[in-house]
Amino acid sequence: MMDWHTMSSTDRALTCVDILDEVFERVIRMDDAKADSDHRHHVGRRALAHCARVCKVFFKPAVRVLWARLDSVLPLFHTLPSLKSYDRNVRPRRTYHLPDQVASYEWDRLRTYAVYVKNICVGKAPCARTESFTRASWTSLQRLAHNQPICPNLRHLSWGMDEAPPDDLITFLGPSIVALRITCFAGRFTLDEYSWQVHLRILFRAVSERATRLQGLWIFLGDVMTPSQVTIPLSQISLPALRSCLLRCGKVTFSDLVMLSGVAALESLELTLDNGILQSEDIHCSLEFQRLHTLWVRHLPTSISASISLFKCSPIRSLYVHGIEYRDPAALKRMFEAWSYDFPSLQLLSCKICMPNIPVRPAGLLSSFLAPSLRNLSGLRAVDLYLGGIPGLTIDDSDIVMLSELWPLLKQLRLWAAKDETAGHTYGLLSLAALAKNCPHLEDLLLQRIVIRPEDTARLPTGLPLHGLRSLQVSPPNRIARHDYVTIRERIFPHLPHPREEDMEELSGLAHASELPMNVG
């Protein structure tokens, strides 16, 4: 064994567990950059497996990173020598079977690796996976576990299920889980509504009994079930730690929302509203979600835009509404006015406005319908507006000046549209100067394009306060010319990065601006 005093600095570093953890984490990230999903996790995982065999010092850190995330439960089963495979070399899908009697030492071997598992993501439908396990295998595994979770430190569990009973998923539920994602697929033999409800009742009952610290629940139904098949059993269980619930399914009705309002700890909700959600008797109703602070609504036709008011008794601070159908500026103005009165504590507003396939009225200036409507929301800290396909819409320096005066606490501002919609967007130095003067906390700015005119440079006020803006983007394919960027940095935002050629490419915006994260700090 080498003496510590005679070892080189490199050798000493490789005996430090913290350094090894960081190195092996970087190795596993090599696979995430692979574009070819068929070979994802191939290079990095194989390298970590080799590292684990090099020496005892490398073994535990390498195994800890290697087993932290699994895309299949097959590696866990493979630690059991009793596992048998059927249909070998007959078809791509293999069936595995675990006998009733399994030696205790095999279970101890499985648990040696199971303690490292933090994330299991099995997103495919069972009928689409390359492996399957007999029902007796799960029964045998549950008997070995003595009703304890297989992976005692598992925190994130993502699972796809079809018509089969959810025994396999339940086997992994435990008190350490904080996030659960369930994707329901149409099985080879589509079950009726009653059978799906029975399976989900069993599953949700097990979740409430075993995953007692669950904070996030994401349910993706697709076209398999109606929302009521989830909202009814979900409202009948107790999940005291639940903070976030995402329900992506068919359109949610008023009765579904009534059921969801019974989940007292709900803090975040994403859904699609049914076109008939506002019946005559429900027009003046409102639902109280006591702790709901984040609401995502996908696809909002003008005919049901008033349905957002159903949540006016909830303490909404973050509102995401995508797929708003534009008809005319008056309708948009009424909608924004209603939001400003219904959600006075709003801090984050993200809207994506799109064009329906019918003739509509030209919009005119942005400030003519947006600024007066949102005047009451002076506490906004993040605003993201996608203004795509609105005919006749123009946004100039006067609009940005007015918005900067209305929202002095802004930390993030994003005004953008489609790639070919730049004619009506004419932001210039005066817009940037107004933001620097009126929004001292602004950190992130994304605009459709920036137009720098010589006369604006001459009119630029002097003595502007030193501003802390560190991120300036324009929507692609627009770019900021180098000399314009230098002018902006020297005269308005001195904390922007120094300009380089590669920076000028990056300033043309991100490839998918709709995926930019919003943050209110």
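Student: Which residues point one way from β17, and which point the other way?

Tutor: Some notes on the model come first. This is a predicted model, in which local features need pLDDT of at least 70 and side-chain atom pairs count only at pLDDT 80 or more, while totals for chains, interfaces and linings use all residues. Residues are numbered from 1 along each chain as its sequence is written, and side-chain values use heavy atoms, with hydrogens and water left out.

The protein chain contains 17 helices and 19 strands; helices (H or I, at least four residues) and strands (E, at least two) are DSSP runs, numbered from the N terminus. Strand β17 covers residues 412-416. From β17, Q412, R414 and W416 point one way, whereas L413 and L415 point the other way. In a regular strand, side chains alternate between the two faces of the sheet.

All of these residues are buried. Here buried means under 20% relative accessible area, exposed means over 50%, and partly exposed lies in between (1.4 Å probe, protein chains only). Because five of the five residues of β17 are buried, the strand is largely enclosed by the rest of the structure. In the protein chain as a whole, buried residues make up 50% of the 521 residues.

We may now turn to the neighbours of this strand. Two strands pair if DSSP finds at least two bridges between them. Strand β15 (residues 382-387) is joined to β17 by five bridges, and the two run parallel.

A salt bridge is a side-chain nitrogen of Lys or Arg within 4 Å of a carboxyl oxygen of Asp or Glu. Side chains of opposite charge can pair when their charged atoms come close. Since D444 lies in β18 (residues 444-447) and R414 in β17, the pair ties together parts that are 30 residues apart in sequence. Both partners are buried: R414 has a relative accessibility of 3%, and D444 has a relative accessible area of 12%.

The structure holds five salt bridges, and two others may be set beside this one. The side chains of R298 and E270 meet at 3.0 Å, N to O. This pair links distant parts of the chain, with R298 in strand β11 and E270 in strand β10, 28 residues apart. E270 is buried, at 9% relative accessibility. R291 forms a salt bridge with E267, the closest N and O atoms being 3.4 Å apart. In that pair, R291 is partly exposed, with a relative accessible area of 36%, whereas E267 is buried at 16% relative accessibility. R243, E267 and R291 are linked in a network of salt bridges.

Among contacts (heavy atoms within 4.5 Å) between residues at least 6 apart in sequence, 77% join residues at least 24 apart.
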